[in-house]
Structure formats: C-alpha cells, structure tokens
Amino acid sequence: MDWKKDVRDFLVSRRARVTPARAGLPDPGGERRVPGLRREEVAALAGVSTDYYTRLERGNIASASDGVLDAIARALLLDDAERAHLFDLARTRARGSRHSAKQVRPSVRRILDAMDVPAMVQNAAQDVVAANALGRAFYAPHFEAGPRPNIARFVFLDPRAREFYVDWELTRRTCAAMIRRDLGRDPANADLAALVGELSARSATFAQDWARHNVHVHRTGTKAFRHPRAGLVEVDFDVFELPGDDNLIMVTYSAAPGTPAADALALLAMDSPTAADIA
C-alpha cells in the first residue's frame with residue numbers, strides 16, 4: 001500500500017465530487033479546469049491555508065490535528081465512514097507485517113452452532129473463518145469452491161456471483177469499499193494487501209471499483225439472493241463486531257415470520273447438515 005498516494009487519491013476523489021453549490025459557495029462562473037472544488041476552496045471552507053491543505057493532499061497528513069481533520073471532513077462533506085477512513089489514514093501507519101485471524105474462539109463456535117439463522121464469521125481479508133450449518137447451506141455457492149471461501153474472490157472472480165446476488169453491481173461496489181475501509185484501518189495486514197493485489201490483477205471490474213476510493217461500513221440492511229435451492233430470497237442482514245477478536249465480524253441473515261423468505265430458510269434448515277457433520 002502506497003500510503004501517501006492513498007491519502008492523495010482519497011482526498012482528490014472526494015474533492016472532485018463536491019460542487020461549489022453543494023458546498024454552499026457562490027457560483028464562480030466560467031469554465032472550471034477540475035471537477036468539483038479547487039484546493040483553495042477546500043482550504044477556505046476548512047479554515048486553513050491553501051499551502052497547508054496542498055501539503056495534506058500530497059500525503060503529509062500524519063501531523064494534522066483532530067480539529068483540522070474534522071474541518072477537512074466537513075468541507076468535503078464526508079459521511080461517517082469516509083470521515084473515519086480519513087482519520088485512519090492520518091493515524092494508522094503500517095509497521096511490519098501481520099495476518100488476518102483464521103479461526104474463532106470455541107465460545108464463538110458454540111454461539112454460531114446454537115443460532116437458528118444463517119450466520120458466519122469473516123475476517124478483514126474476506127475469508128469466511130467459521131459458519132453454522134444453516135450459514136453454509138445459505139451460502140452454498142461460496143462453499144462449493146472449498147471449505148473456507150473468500151467472499152471477495154467469489155464476488156469478483158466467480159461467474160456464479162452475478163446470479164447468486166440479485167444486485168451484483170451494488171454487492172461488488174460495496175465489497176470493494178469495505179476492503180478499502182479495512183485496509184485503511186489495518187495497512188499492515190499482509191493478507192488484505194495480497195487480496196487487493198490479486199483482485200486488481202485478475203479483475204478489471206475490481207480495479208475500476210477500487211479506483212473510486214469509496215469506503216463502506218457494513219452494519220444492517222436487506223439483501224436479495226437467487227439461491228440454487230430456495231429460489232429468490234430477500235432477507236435482513238445484521239453485522240456484529242466481535243470484541244476481543246482480531247477484526248472479525250459476524251454476519252447473520254433473518255426473515256420475518258410468515259414471509260416467503262422465512263419459509264425458504266426453513267426449507268434450507270431441514271436439508272442442512274448438523275454441526276457435527278461439518279466440524
């Protein structure tokens with residue numbers, strides 16, 4: 001990860017999307033050479049000098065105060081995820097090399113197996129490190145490639161992803177934005193950096209999405225799938241961070257009782273192997 005380049009590209013991409021009108025500035029008139037705001041306009045909105053903002057945009061951001069970073073975030077109209085990413089870029093520097101967790105604690109394993117909804121745990125490098133029986137059944141296309149699938153590799157490299165995810169375009173853009181956010185938080189993660197390199201080389205679509213410099217925090221929402229056994233299933237998802245674990249999250253899927261999606265999950269539950277069968 002070229003840290004200074006990442007800072008520059010992120011700030012330039014956010015500046016390019018904010019028009020003077022959106023920023024509350026008067027219409028300057030005439031033809032503009034750059035899309036969005038000029039550096040001097042961002043600097044004025046943030047209350048810093050143009051020279052100082054230019055240094056920040058060139059990657060010299062580590063010494064910027066929280067107040068300055070907040071002012072830049074307001075000037076660029078950053079959302080919560082983007083603001084957090086800006087702070088991550090300023091405060092988190094790679095030292096050495098580390099790897100993503102590859103397993104969960106026994107207590108987390110027991111919780112997964114006790115849940116009656118599809119559930120899985122994944123690390124920042126998008127590896128599924130654990131799943132309950134219903135989670136494996138629900139994500140069956142992912143698991144067909146091997147016992148420990150990688151969400152991003154399936155989304156960008158497996159042609160079945162376009163069928164499995166009803167809104168594949170949104171899914172893949174979200175996936176790239178999640179990876180961008182996680183790499184900003186953990187730039188020393190060798191597994192995550194390797195994943196970005198692999199996907200950039202093997203998928204022109206990923207390279208295109210990655211170049212947008214979007215960031216996303218997955219929390220909750222609704223997602224639709226075309227499951228090979230259950231058909232069209234629209235479920236709610238919720239994401240839980242696992243305190244005490246190394247950037248692991250648990251993702252669960254559920255449906256309101258009496259809905260077609262609940263019936264589909266019940267069908268999968270009847271056909272799912274037991275926990276002992278997949279240990």
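## Arg181, a buried arginine

Arg181 has a relative accessibility of 16%, so it counts as buried; the cut-off for buried is under 20%. This comes from a predicted model. Arg181 sits in helix H11, which covers residues 168-185.

What does the side chain of Arg181 join in a polar contact? The partner is the side chain of Asp182, at 3.5 Å. Beyond its neighbours within four places in sequence, Arg181 touches His85, Val215, His216, Val217 and Glu241. One of these, His85, falls within helix H5 (80-91). Another, Glu241, falls within strand E4 (residues 231-241).

## H11 against H12

H11 also packs with helix H12, residues 190-202. Two packed helices are described by the angle between their axes and the distance between the axes. Here the axes come within 10 Å. They cross at roughly 145°, and the crossing is left-handed.

Which residues meet at this contact? From H11 come Ile179, Asp182 and Leu183. From H12 come Leu192, Ala193, Leu195, Val196 and Leu199. By class, the contact has 7 nonpolar residues, no polar ones and 1 charged residue.

The chain has an open sheet of 5 strands. The order is E2-E1-E5-E4-E3, with antiparallel pairing. Strand E2 (128-131) and strand E3 (220-227) are the edge strands, and each pairs on one side only. From one strand to the next, the twist averages 30°. Strands of a sheet pair through backbone hydrogen bonds, either parallel or antiparallel.

E3 and E4 pair in the antiparallel sense over 8 bridges. A hairpin through 3 residues joins E3 to E4. Across this pair, His227 stands opposite Gly231, and Arg226 stands opposite Leu232. Helix H14 (residues 260-271) lies across E3, E4 and strand E5 (249-254). H14 runs at about 85° to E4.

## Helix H4 and its cover

Helix H4 spans residues 66-75 and holds Arg74. Is Arg74 buried or exposed? Arg74 counts as exposed because its relative accessibility is 58%, and the cut-off for exposed is over 50%. Along the chain, Arg74 and Phe240 are 166 residues apart. Their C-alpha atoms are separated by 28 Å.

Other parts of H4 are buried. The buried residues are Val68, Leu69, Ala71, Ile72, Ala73 and Ala75. What covers them? The cover includes helix H1 (3-16), helix H2 (39-46), helix H3 (50-57) and helix H5 (80-91). Just after H4, Leu77 takes a positive phi of about 55°.

## Two buried loop residues with positive phi

Gln126 is not a glycine, yet Gln126 has a positive phi of about 75°. Gln126 is found in the loop between strand E1 (119-122) and E2. Its relative accessibility is 2%, so Gln126 counts as buried.

His213 is not a glycine either, and its phi is positive at about 60°. Where is His213? His213 lies in the loop between helix H13 (204-210) and E3. Its relative accessibility is 7%, so His213 counts as buried.

## The whole chain

The protein chain has 15 helices and 5 strands. Its C-alpha trace spans about 65 × 40 × 35 Å along the principal axes. How many of its residues count as buried? The figure is 49% of 279 residues.

Contacts were also sorted by separation along the sequence. Among contacts between residues at least 6 apart, 58% join residues at least 24 apart.

Key: Residues are numbered from 1 along each chain as its sequence is written. This is a predicted model: local features need pLDDT of at least 70, side-chain atom pairs count only at pLDDT 80 or more; totals for chains, interfaces and linings use all residues. Side-chain values use heavy atoms; hydrogens and water are left out. Helices (H or I, at least four residues) and strands (E, at least two) are DSSP runs, numbered from the N terminus. Buried means under 20% relative accessible area, exposed over 50%, partly exposed in between (1.4 Å probe, protein chains only). A polar contact is a pair of N or O atoms within 3.5 Å; within protein, one must be able to donate a hydrogen and the other to accept it, and residues adjacent in sequence count only if both atoms are side-chain atoms. Contact means heavy atoms within 4.5 Å. Two strands pair if DSSP finds at least two bridges between them. Axes are lines fitted to C-alpha atoms, for helices over the stretch in contact, and angles run from 0 to 180 degrees between N-to-C directions. A crossing is left-handed if the near helix is turned anticlockwise from the far one by less than a right angle, and right-handed if clockwise. Ala, Val, Leu, Ile, Met, Phe, Trp, Tyr, Cys and Pro count as nonpolar, Asp, Glu, Lys and Arg as charged, and the others, Gly among them, as polar.
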